[in-house]
Amino acid sequence: GQPLGPRRLSLKPVPKVPNMEAFLREAAVKVKQQARGCLAPELCLQAVRAATETPFAEGVRRERELFRVLLSSGQAQALQYAFFAERAVHRWATPAGASWSSATPQPVRKAAVIGLGTMGQGIVTSLVKASIPVVALEQDLEYLNKGRKAVMLLLEREAMKMEGGAQSLDFHNPACLQFTVDFDLLRDVDLVIEAVFENMALKKEIFHKLSKICKPGALLCTNTSALNIDEIASATSCPQQVIGTHFFSPAHVMRLLEIIYGRHTSPTAIATAMQLAKTLKKVGVVVGNCFGFVGNRMMFPYVQQAVFLLEEGSRPEAVDQVLEDFGFKIGPFRMSDLAGLDVGWRSRQGQGLTGPSLPAGTPARQRQGQRYSPLPDLLCEHGRFGQKTAKGWYQYEKAGGRTATPDPWLHSFLSHYRDTHGIKARFIDQEEILERCLFSLINEGFAILAEGIASGPEHLD
């Protein structure tokens, strides 16, 4: 029987929660780890803290102050730029005058993937998830069964994450996914993605075969990370149908798809590859043909500087720490271990930078008059290929392990290397690490723009 006064929730006192301080401290540590280099999550936490410690009106005032800090920050501008850049790249154009506005994609009703290594497995998974029927091909039954196992495991994991569960991914149905060693099954596919390892002779042999077997309009794609698209296309009778589709590892997770046109690639082929990227929920970026294209070409000088820093006295964990604190998801050495050091090693052997084809008497730390570091080659010669062998720039708990721990063997190996080459180790501060790695990345980007390999800075970013 009492009259009800106004009941404003905001005027009620905030209940005191026990161990609030410890809870917020723990949350702060977590946020710092998960959002390295990012302002917004940390300021969100400060706003929540203000809500627990101060009356409502004051908490709201504090939240507005924090929001204003973010609004005018460089990070907000950068994120807005990234948001629009991602949408701008679908408006592609080539120097020859082909463009997104005039080219029409062909439908892709059925695709094939050749090679079921790490990349091939991820590409098959992406296609199945996008409901495109796939023929997965390997060279022999042993590799096919190994690949099939790995693909099925990946698809089961992906199905668990999807809302409808395994029912939504019908990958046990041979009409959706078929494994084979028989090239003849590729006669009716609309698009083939070759994902064998980086060897020009092998790729040319496969493309020669494909141009004989596949139907005339089929798109022939190569998942190469650096090799010349024109040379691969020269092995076919239909160079206009050949295009580079460079997936990034792990292919079913990474959203970037680099699409590389050759001298003869038709506008229709580019449009079809871009449409495929969209269907796979990836961001397709059209770039020109040069060694390493854009992604890897920018990576080379960045990783190279990181290795030079080791020669001069730094350690892998120190370099990674600086770049991860700056905001990179993963530092250059952890990234190399994840991708596999043997991939770059094979590529350098192919270019004659190391291995049996290197002319006798070449200085250890010079190639073609430029500074060179043989450190990554030496690690590979010791069988250290990264996570897959449990040892690379770091050591791991087991082959295929994910947890990188600093390796005392590597530290003594580095000091022995410096002694051999008469390099006096020095202390290298965080600023030098960041600037040397970052500026070499940016400079390479400018060179790519200057050569017209990318048609705008958004494509690079």
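## Basis of the description

This is a predicted model, in which local features need pLDDT of at least 70 and side-chain atom pairs count only at pLDDT 80 or more, whereas totals for chains, interfaces and linings use all residues. Residues are numbered from 1 along each chain as its sequence is written, and side-chain values use heavy atoms, with hydrogens and water left out.

## Overall architecture

The secondary structure of the protein comes to 17 helices and 10 strands; helices (H or I, at least four residues) and strands (E, at least two) are DSSP runs, numbered from the N terminus.

Of the 461 residues in the protein, 44% are buried, where buried means under 20% relative accessible area, exposed over 50%, and partly exposed in between (1.4 Å probe, protein chains only). The protein exposes about 24900 Å², of which carbon and sulfur atoms supply 58%; accessible areas come from the Shrake-Rupley method with a 1.4 Å probe, and for residues only the protein chains shown count as cover. Among contacts (heavy atoms within 4.5 Å) between residues at least 6 apart in sequence, 67% join residues at least 24 apart.

Helix α2 (residues 39–53) has 15 residues and reaches 21 Å from its first C-alpha to its last, close to the 21 Å expected at 1.5 Å a residue; the expected span is 1.5 Å times one less than the number of residues. Its buried residues are L43, L45, A47, A50 and T52, and these pack against α1 (20–34) and α3 (56–71).

R87 belongs to helix α4 (residues 74–88) and counts as partly exposed because its relative accessibility is 40%. A polar atom of the R87 side chain lies 2.8 Å from the backbone oxygen of F83. The C-alpha atoms of R87 and V48, 39 residues apart along the chain, are separated by 33 Å.

## Salt bridges

The count of salt bridges comes to 30, a salt bridge being a side-chain nitrogen of Lys or Arg within 4 Å of a carboxyl oxygen of Asp or Glu. One of them joins the side chains of K129 and E158 at 2.7 Å, N to O. K129 lies in helix α5 (residues 118–129) and E158 in helix α6 (residues 141–161), so this pair ties together parts that are 29 residues apart in sequence. K129 is partly exposed at 32% relative accessibility, whereas E158 is buried with a relative accessible area of 6%.

A salt bridge also joins R263 and D230, at 3.8 Å, N to O. R263 lies in the loop between β7 (256–261) and α9 (267–279) and D230 in helix α8 (residues 229–233), so the pair ties together parts that are 33 residues apart in sequence. R263 is exposed, with a relative accessible area of 66%. In the pair formed by E311 and R365, the closest N and O atoms are 3.2 Å apart. E311 lies in helix α10 (residues 295–312) and R365 in the loop between α13 (341–350) and β9 (366–367), so parts that are 54 residues apart in sequence are tied together. E311 counts as buried at 1% relative accessibility, and R365 as partly exposed at 26%. Salt bridges that share partners join E311, E312, R365, R371, R426, E432 and R436 into one network.

## The surroundings of E194

E194 is placed in strand β4 (residues 191–194) and is buried, with a relative accessible area of 0%. A polar contact of 2.5 Å joins its side chain to that of T222; a polar contact is a pair of N or O atoms within 3.5 Å, and within protein one must be able to donate a hydrogen and the other to accept it, while residues adjacent in sequence count only if both atoms are side-chain atoms. Leaving aside neighbours within four places in sequence, E194 is in contact with I114, K203, I206, F207, C221, T222 and N223.

## Backbone geometry

Most residues other than glycine have a negative phi, and most peptide bonds are trans. The peptide bond from S249 to P250 is cis, with omega near -10°, and P250 lies in the loop between β6 (242–247) and β7. Phi is positive at N19, near 45°, and at F293, near 55°.
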